[in-house]
Amino acid sequence: MSLSLSGPFRLQAEQALNGLRLWVDYVTGAGGLPLGLAGSRRPLRLLILDDRSRTSLAKENVLRLLTQDHVDLLIGPYSSGLTLAVAPLAEAHGKILWNHGGASDAIFQQGWRHLVSVPSPASDYLKALPLLVRSQDPSVARISVVYAKTGSFAAHVARGVADGAKAAGFDVIRLIPFDSPIRDARALLREALAAEPDLLVGAGSFQDDVVIVRRLDLASRVKTLAFVGAGLEAFYGEVGALAEGVIGPSQWEPAAHDGPLTGPNSEWFCSEFHTRFHQRPEYPAAQAFAIGIVVGECLRRAGSLEDEPLLRVAHTLETTTLYGGFRLDRLTARQIGHRVLLVQWRGGRKVVISR
């Protein structure tokens, strides 16, 4: 795989890398990857190239993996932009891109066949938020959404929020794009607050969200605040007490799912992850581990390392892992079995408020 071991996506990519390392340990401990129902197993080796969070390097890396290293399995990078950059290469070579880190809806609008994804798409991230907020306070009627122009991920998050706000009956819905990395958070906030919103939502890079939240003294009259970056533990580490009450989306939380049908449960995952890496896993780690579990189940059922048999199994597979549900839309390859959670910072910790 090509992964961002440096650059802007390093924080989430490091979690993903550790999730994949733990998957390798799990597979090795079981004697290798299952190949068929008879119990045959193959050893697993993880080959990682640093793309430095750059699309040009990600493409170079994937081409090398496909044409020089001739990898059996191609796992995707972290970030929607990098996934969009390398997916056409996988498609052209007839190689499945096992996607754990790209959630932009644009990924599922290209007609690519050789794509298997575990994350819910970006438009689902905060789509349920407006209805949740309005159910708690029917007087809320105005929403402002600030989102990064860069790439397509943030725009799809914003559109999902807008769709949710329309369905919830919000009277005023403002979508305000900004240049990322953000330069003047105060000016952006003044524009967003001009409509006197009850709900303010931010969707940018993790650092964009941090910069905006540090200027939230301007938003003291807003009833509810939500930022995509608030779904990560690192958010509290960056903004401290300013995180209190802020809502964020999370693709996974340890106690949010029942026992899985496939692979180990979250309790095992959290314990082994902490023992191995001396930190708590977050959803980028869980979704990377989960794509490995899905790979293993597809290999077990297909009995082959060839991509077409694996693809047929993946497109009909319906199961649960510690990450939640897995089921692909057969026309778009969009993940429809998984659900995004909403979390809120309370007393210095994340609490699941919607699932």
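Two strands count as paired if DSSP finds at least two bridges between them. Strands themselves are DSSP runs of E with at least two residues, helices are runs of H or I with at least four, and both are numbered from the N terminus. With that, you can follow the pairings I will show.

Some housekeeping before that. This is a predicted model, in which local features need pLDDT of at least 70 and side-chain atom pairs count only at pLDDT 80 or more, while totals for chains, interfaces and linings use all residues. Residues are numbered from 1 along each chain as its sequence is written, and side-chain values use heavy atoms, with hydrogens and water left out.

Now the whole chain. There are 11 helices and 16 strands. The C-alpha trace spans about 60 × 40 × 35 Å along its principal axes. The radius of gyration, taken over C-alpha atoms, is compared with a globule rule of 2.2 Å times the number of residues to the power 0.38. For 355 residues a compact globule would come out near 20 Å, and the chain has 20 Å, so the two agree.

How much of the chain is buried? Buried means under 20% relative accessible area, exposed means over 50%, and partly exposed is in between, using a 1.4 Å probe and protein chains only. Of the 355 residues, 56% are buried. As for contacts (heavy atoms within 4.5 Å), take those between residues at least 6 apart in sequence: 66% of them join residues at least 24 apart.

Three bridges link β6, residues 97-99, to β7 in the parallel sense. Within this pairing, N99 stands opposite S117 of β7. Strands of a sheet pair through backbone hydrogen bonds, either parallel or antiparallel.

Then there is β10, residues 199-203. Is this strand enclosed or open to the outside? Five of its five residues are buried, so β10 is largely enclosed by the rest of the structure. In a regular strand the side chains alternate between the two faces of the sheet. In β10, L199, V201 and A203 point one way, L200 and G202 point the other way, and all are buried.

β10 pairs with β8 (residues 142-148) through five bridges, running parallel. One of the residues to look for is V146, whose bridge partner in β10 is G202. β10 also pairs with β11 (residues 224-227), again in the parallel sense, over four bridges. There, L199 has T224 of β11 as its bridge partner.

I will finish with two loop residues. L305 sits in the loop between α10 (283-302) and α11 (307-316). L305 is partly exposed, at a relative accessible area of 25%. Not counting residues up to four places away in sequence, L305 touches L35, R42, D72, L299 and L310.

P260 is in the loop between β12 (247-250) and α9 (266-277). With a relative accessible area of 18%, P260 is buried. Which residues does P260 contact, leaving aside neighbours within four places in sequence? They are N265, T320, T321 and L322. The C-alpha atoms of P260 and P119 are separated by 16 Å, and the two residues are 141 residues apart along the chain.
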